[in-house]
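Welcome! Please take a moment to look over the sequence and the 3D structure, and then we can walk through them together.

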Amino acid sequence: MNCATDGAVRHEDDILYPTTIPFILIHLAAFAALWTGVSAWALGLCALLYGLRMFGVTGGYHRYFSHRAYSTGRIFQFCLAFLAQSSGQKSVLWWAAKHRHHHLYSDMPEDVHSPRHKGFLYSHVGWIFARRHDVADLSGVPDLTRFPELRWLHRFEQVPLIVLGLACFLLGGWQALVVGFVWSTVLVYHATFCINSLAHVSGTQRYVTGDDSRNNLILAILTMGEGWHNNHHAFQRSARQGFRRREIDITFYILKLLSLFGIVRGLQGVPARFVRNEHRLAPKIIHRTAELLAARFHPRPIAEALQSHLGKDELSTLHDTLEGAPAPSAAVWRLFHPHIPCRDTLRAEARALFARTPSIDEIVDRAHHLVIAGIRKHLPGPAGAAA
Ligand SMILES: [Zn+2]
Ligand SMILES: [Zn+2]
């Protein structure tokens, strides 16, 4: 987005202060435990509300409303939406719209919360308060907006949170409100936010996904299965995010249990070739990954090194050769080596950078093409930067 030329657009990343106030207040309210005290039953309530609402986030907001990883009846759908929204993370329509956008542009400049582009803190929490994220483009969730009850929950998005808070107070007084409700709300906030921030920074990558998503066991435990985020980015529609037996995914176990009672059905699985990492990548992922690989080879210094090392005739030959890219012969590469990276160099870099994939050759070919095009741009001549 061009922020430099458009005054109206420049303010879109401004913090929307009225939205931040309740968020800050609920964090401050957690300290009221100094006065209410902390008892074992209040901690038990906190754990119960954490578990219930984390399921609302993972089984509701994420796997059901954002990815339609399973189906259910309309009553349970409403219950899921109510439970999810009792965590105070806006409406299921808003959440799903933002999340689908995240998958469309994961870790690209357009991503709503990418640590790569906006920094860790912004991806963790800052983006929620940016003016442009206060509303969501609901054209991306037509499958959800057709339900009037979900539109009602969208309009009165804080109702479930207030109802739960009130119920805690009426049932258990101030301690239930502060320790049971407020503490668990804050914990669910940050556990969820860690998926947007930490799960794109820390952990391992089993799959090439064209983004920075990672698998992280600790996060998977804290978030009831969401920490298998690289798995999820590789195959988003699966109701199960721990693809392998030892990958603990409590949300999936609960969904499986609910399916035994017929409450949910049609749990989407993962094709065996995905689990074995034998699938070929989609063109979009190949393209994104090739861009990441090509970005490791800076074209301007390579072009400058070539100009300083080669004579005029050699430069002219090189220019003609690059015009014939993407497939000059190996002998020609040897002529200009080591300044121009060849496919083997790119392949070695790709192996060091990315997870194993059967699509490695396509990534390397595409990246090679991008590198050559970049060098050409910076060489003098008909296709040079000055041209
Ligand atoms: Zn992600
Ligand atoms: Zn997702």
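A residue is called buried when its relative accessible area is under 20%, exposed when over 50%, and partly exposed in between, using a 1.4 Å probe and protein chains only. This is a predicted model, where local features need pLDDT of at least 70 and side-chain atom pairs pLDDT 80 or more, while totals for chains, interfaces and linings use all residues. Residues are numbered from 1 along each chain as its sequence is written, chains are lettered from A and ligands numbered from 1 in the order written, and side-chain values use heavy atoms, without hydrogens or water.

Let us begin at the metal. The zinc ion (ligand 2) is held through the NE2 atoms of H62, H67, H99, H103 and H232, at 1.9 to 2.2 Å. Donors here are N, O and S atoms within 2.8 Å of the metal (3.2 Å for Na, K and Ca); water is not among the atoms, so sites may look incomplete. Along the sequence, the donor residues follow the spacing H-x4-H-x31-H-x3-H-x128-H.

Two of these histidines, H99 and H103, sit in helix α6 (residues 92-104), 4 residues apart, about one turn of the helix. Helices are DSSP runs of H or I with at least four residues, and strands are runs of E with at least two, numbered from the N terminus. H99 is buried, at 6% relative accessible area, and H103 is buried too, at 7%.

Now turn to helix α14 (residues 250-260), where T251, F252, L255 and L258 are buried. Seen down the axis of α14, these buried residues fall within an arc of 120 degrees (taken from the directions from the helix axis to the C-beta atoms), so they line one face of the helix. After α14 comes G262, with a positive phi near 75 degrees.
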